[in-house]
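Please look over the sequence and the model shown here before reading the report below.

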Amino acid sequence: MSSTQPFEKNVRPAGEVWVWITGVGLAIGLFMICFLLAVIAWNGLNFFWPKPLAEISLTEDGRSDFRGERTVPGVIIQRRTLTAENLSPSDADLLDLARDNRDFMREMMIFTGNRDLFATNNFAFLNMGEITSVEFPRELIRIERTEWGDAIGRPLELRFADGRVLGADDPAFVSTLRDQVDEVRDRRREIIRIERRQMGRINALINREELEIRYLRSLAEPSDAQRRELEDRLVRVAELREELGPLTAASRILRDQQNQVRLAFEVVGGHTQVQPLGDIINFYFPNKMSLFQRIGWFFWKVWEFLSEYPREANTEGGIFPALFGTFVMTVLMSLAVTPFGVLAAVYLREYAKQGPLVSAVRISINNLAGVPAIVFGVFGLGFFIHEVGAVIDQVFYPRMVAINTPVFGTGGILWASLTLALMTVPVVIVATEEALAAVSRGVREGSLACGASKWQTIQRLVLPAASPGILTGLILAMARGAGEVAPLLLVGVMALAPSLPIDSMFPFVHLDRKFMHLGFHIYIVALHSPDTEATKPLVFASTLVLILMVIVLNLAAILIRNHLRRKLESAAF
Amino acid sequence: MTGLIMVGGVSIIVAVFFIFVFIAFKIMPLFRAAEVSEAQTFVVPDKGILSFGVDESRQMLYVLTEAGDLYFLPLAEEGGEVPAFTVDAGLAGDFELHSFYHDLQRDRFVLTSNDGRVQVKEIRFTQDFSGGTANPVVRPSINLLPEVRLGTENRPAFGAVYSAGDRQRLVAALQETGDGRTTVRAAILTQRRTPFGPGPLQIGAQADLLDLLSGEPKQILALGTGDGLVVAYTDGRIEFFSINAQAETRRVQGFDPFAERTGASFSRMEFILGDQTIVFFDETGYHVAWNLAFIPEEARRLFIPSKTFDDLPGPLESFAPSRRNKTFLVTSGNFARLSLLTTMATRWQANLDFDIHQAIIAPRYDALIFLDTRSRLHIKEMVDDHPIAGFTAFFARIQYEGRPGRIWDWQSDGGADFERKLSMVPLMIGTLKGTVYAMFIAVPIALLSAVYVSQFLRPSLKRVVKPTMEIMASLPSVILGFFAGMWLSPIISNAVPSVMLAVIGIFVGALITGLVWTRLPKHIRLRVPTGWEFFFVLGPALFVAFLGWQFGQVVENWLFVQYDESLGRDVGSFRMWVVQVLGWDFETRNALVVGFAMGFAVIPIIFTISEDSMSNVPNAFRSGSLALGASRWQTAMRIVIPTAAAGIFSALMIGFGRAIGETMIMVMATGNAVVQDFNPFTGMRTLSANIAVEISEAEQNGTLYRTLFLCAFILFVFTFTLNTFAELLRQWLRKRYRAVE
């Protein structure tokens with residue numbers, strides 16, 4: 001035997017370069033996800049962080065000014081470089097100036113607040129070549145208000161109803177202001193409790209009665225019974241209105257108290273603003289805050305964002321109704337999708353004989369998963385709302401049909417959940433099938449050998465054993481359903497719903513109500529608010545919430561599934 | 001129990017097919033022709049009826065008789081005899097009727113007398129719902145405009161027209177001259193605005209077109225804007241004149257609509273709703289439509305030929321336009337046809353069993369009303385909910401009013417007399433465009449990473465990488481849309497060369513890293529554990545990409561920015577270069593942005609399915625190949641990929657299906673303008689985005705509503721075909737693998 005050397009010493013396997021190229025594919029994919037998540041997380045979290053308030057001074061003879069003032073207070077949003085293309089012809093000389101000082105080709109974007117005073121949008125752009133100083137005076141205050149957005153300024157004094165005045169230099173000023181604002185907040189809560197809960201309840205009853213009255217009045221020839229009913233209902237409405245009286249009075253008294261104390265503060269260039277405390281939600285001195293105070297503020301803002309109602313057409317305030325709507329819709333969807341999906345999976349895995357029919361079913365399921373979401377929306381609109389809903393209305397609400405006020409014949413949370421259930425049923429089927437397959441043969445055969453029927457085996461042994469898998473499918477379906485917006489555009493989502501789908505009014509769960517949804521909230525605020533630049537941070541925050549919701553659901557599903565697979569591997573014999 | 005479970009399983013198939021059938025059922029009416037019922041017949045007192053019309057609720061007729069009288073006749077619910085003429089509104093004493101023009105769109109008569117006077121009578125119906133019943137009480141009234149006397153010779157006038165435009169009102173008529181010729185005379189009506197509302201109409205400047213005419217005029221029409229006259233000559237030529245407030249006239253255009261027919265002579269011309277299109281009839285029943293269109297070269301609106309309709313069996317007897325849409329009813333002898341202008345479709349036609357004197361379309365477009373030569377009125381109820389829909393409207397190139405040339409277009413809203421454009425083609429092109437750009441970004445990344453993960457990645461890492469990709473798949477598209485539309489689009493659009501170079505840079509970086517690494521001595525090479533290459537390549541690749549990004553700005557300055565001496569500074573950018581040199585549009589929210597955002601949605605799908613199919617290639621194949629001395633790349637390339645090709649293909653198809661139907665990214669990351677090109681710097685409107693954008697405007701079961709269902713149907717059919725085919729492929733592949741094992 002000849003002893004040829006079997007390997008070259010420095011052999012290089014063919015095509016290793018290409019392995020690296022394929023590797024970069026994966027690298028990009030992972031990078032893209034991380035990058036997207038990082039951008040959203042950074043921008044979303046940034047929304048809650050208290051940002052320092054700057055006071056920016058400008059040169060006397062420059063072009064930049066702010067409503068004629070040479071000092072601009074505000075939050076620095078970003079600095080950016082001007083491009084020759086974006087320059088307006090009147091600014092062409094900036095290019096010459098920029099030869100000596102590159103700063104002339106950069107500008108600073110500032111959130112100025114005080115929308116009521118300046119009657120402008122929230123932003124100012126200042127040429128950086130003309131900025132003489134940027135300072136962060138400790139006494140600057142940022143005031144969150146119910147109207148006109150935030151105010152930024154230097155507090156001057158508190159003016160009380162009895163003419164007493166407390167100057168900002170008084171050591172008790174901040175604590176007094178804090179007490180007063182807290183008091184106002186408690187009172188506001190009380191007003192909301194009266195107006196939204198108690199009066200809202202009565203108003204809802206009045207609305208119901210008035211719909212009936214409208215119907216009874218629309219009749220050309222009412223019967224005697226109907227005449228009597230009309231009278232009864234009119235009396236009832238009058239009674240309800242009477243009940244409203246004291247409540248209205250109570251809330252008015254509270255409202256009057258709200259604006260007794262006023263805060264005077266100095267905005268740019270000595271404009272003094274006097275702000276009634278009734279409109280102040282909160283205030284803070286970001287430049288004075290320590291790191292811990294900032295962190296505390298951050299978490300407080302996160303909580304506020306999640307738990308409060310939106311203000312000013314969704315552009316401020318919290319997202320609570322949208323979160324709640326998403327939650328209720330997802331739960332309703334799960335209730336609908338689980339039995340259907342599990343049944344189908346049990347049939348496919350346990351009963352069906354493999355053959356053309358099962359093939360067809362599998363193809364159908366895959367098709368159902370591949371049908372664009374918007375098509376489900378169209379189907380939901382055409383079938384659930386305009387066919388099923390119309391029939392329900394005709395049977396149960398003939399009076400509402402008569403006065404052209406559909407109850408179920410219009411978009412609502414029930415139809416939205418059913419539409420999404422139809423869309424997510426394949427997810428549940430696939431996961432359930434996998435879970436059923438993981439139940440070991442031994443368990444089934446043992447049960448059958450003991451004389452249990454097939455259904456008994458499935459019901460008592462197989463399904464419980466497969467329940468984590470079914471749960472996985474359900475969670476995945478919920479993640480998909482919670483994030484999908486396209487079909488909702490057609491079946492009953494609303495930018496600002498007047499009431500929640502679940503409340504203390506009988507019958508408590510209102511399946512016919514329109515609802516708010518987090519994904520739709522993102523869509524509508526990002527695209528359709530008056531100043532999309534101003535609302536962008538808020539949308540990033542909502543986006544972060546939605547993305548966290550979806551990722552947490554998915555991670556949960558993945559963990560359960562991995563656990564299940566390990567069990568499957570160990571159980572196989 | 002078994003039965004119940006069977007039901008559950010089968011219901012899935014049923015559900016899929018039910019969606020299909022339901023949507024198909026919803027779009028069916030779009031393709032139906034008009035349904036016209038049997039006639040209901042009334043006998044009308046015979047007083048020599050010249051022309052008639054009817055009110056909105058079809059309760060009252062108005063007729064013009066040969067004597068020049070105007071009568072109102074109530075119509076009973078059932079057929080039978082129409083009672084006596086109730087309201088007599090005779091003409092002013094000495095007005096001897098010479099000719100009339102009945103404007104059916106506006107219930108208006110323009111009457112001329114033997115001595116050159118023109119009267120305009122507008123018929124008004126007020127509906128009184130106070131009775132409480134569904135049918136209101138109709139009260140007619142007549143609005144008489146000031147009488148106009150044309151010329152000074154008191155000669156008979158005929159063929160008078162009246163037009164009340166927003167800025168100008170015009171009365172015009174043909175009139176005989178002393179020397180046996182015929183001229184066209186026009187008068188401008190003026191109305192002074194007072195603080196208390198418009199003042200009375202007054203007769204202003206008059207014009208005589210005799211010197212401008214080039215033949216014997218037979219009929220005239222006035223443009224709806226009141227500033228133009230269309231004159232038809234007996235020999236079939238048409239001339240178009242403009243007329244201003246001082247009654248100064250100017251010839252704008254002359255044409256011959258019957259040029260294709262030799263020896264044809266003109267018989268009649270009429271406007272279709274909207275006053276943009278005129279249908280010209282010759283004496284044999286041949287008829288063509290010409291519409292006004294803005295001609296860019298001439299910078300003005302001219303008539304251009306637009307439609308040719310099937311010939312009538314004989315000369316035109318009666319013509320009636322609809323006042324709801326662009327249909328018109330023509331009759332000849334006992335033949336009647338309802339045609340739609342836009343698509344040239346015949347909505348309905350029939351040979352009736354009576355000779356038609358006059359036919360009209362009911363104002364609500366819910367009946368056709370015929371008056372026969374024996375003074376009987378036949379009312380045929382009609383159901384035609386979607387006259388403007390149909391195969392031609394959805395898929396063919398159409399010449400629309402106001403536009404030169406035949407085009408596909410989508411424009412669903414507008415006023416009542418607006419020609420709706422419902423072509424699916426631009427939406428399908430938009431869908432394809434979005435999908436192509438998405439696939440362009442997604443396919444390389446997805447396939448490369450699938451190959452890497454299935455063949456080279458360390459198995460322990462696979463357990464982390466696959467779920468990460470699955471999370472990417474679950475990212476709600478509204479988030480991707482927001483991210484792309486609000487964050488990515490300004491960045492990408494301001495730095496296109498940088499983006500391009502960065503993308504190229506990533507791959508160049510990977511290539512360089514690979515080349516360098518393979519040249520390194522073995523002991524260094526072994527420092528990189530197998531299956532970790534993706535991690536080590538990321539740094540260099542991103543570095544080169546960053547260089548590419550920076551270099552992109554240099555390239556932009558170098559190629560696209562120029563020093564402009566007149567301004568004394570640098571001007572230009574890539575964006576301006578695209579717009580001015582290439583002549584393309586440039587939008588901030590464009591196909592490139594969509595491509596990147598859709599990448600997030602499509603990559604994980606293609607990745608997961610193709611990775612599965614490659615991982616599932618029986619291990620014996622790989623082991624055999626490796627044992628025979630092939631490298632891991634050779635094994636992957638020559639053994640695994642060919643074996644799994646069908647699976648990879650099905651992954652691509654499913655990814656394609658997902659891209660086609662994606663809605664929120666398309667809605668948010670593009671401007672949703674209807675675009676029909678593949679320019680990467682403009683947006684698009686896809687079928688799915690179109691549904692999302694327009695459904696709120698659509699009235700239940702209306703034409704737009706059903707057309708949006710058609711969009712959904714097309715999407716469904718597309719994705720159904722793709723998915724079914726992909727699933728069949730995968731089943732076939734699975735069977736093949738099983739056979740090997």
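The report goes from the fold of one chain to its contact with another.

This is a predicted model, in which local features need pLDDT of at least 70, side-chain atom pairs count only at pLDDT 80 or more, and totals for chains, interfaces and linings use all residues. Residues are numbered from 1 along each chain as its sequence is written, chains are lettered from A and ligands numbered from 1 in the order in which they are written, and side-chain values use heavy atoms, with hydrogens and water left out.

Chain A holds 15 helices and 13 strands, counted as DSSP runs (H or I, at least four residues, for helices; E, at least two, for strands) that are numbered from the N terminus. Its C-alpha atoms fill a box of roughly 110 × 90 × 50 Å along the principal axes. Of its 573 residues, 50% count as buried, a term for under 20% relative accessible area with a 1.4 Å probe and protein chains only.

| Chain | Residues in the contact |
|---|---|
| Chain A | 92 residues |
| Chain B | 103 residues |

The size of an interface is often given as the accessible area lost when the parts come together. Between chain A and chain B about 8700 Å² is buried, with 80% from carbon and sulfur atoms; this buried area is the accessible area (1.4 Å probe) that two parts lose on being put together, summed over both. On the side of chain A, Trp20(A), Leu26(A) and Met32(A) lose the most area to chain B, together 9% of what that side buries.

How values were computed. Contact means heavy atoms within 4.5 Å.
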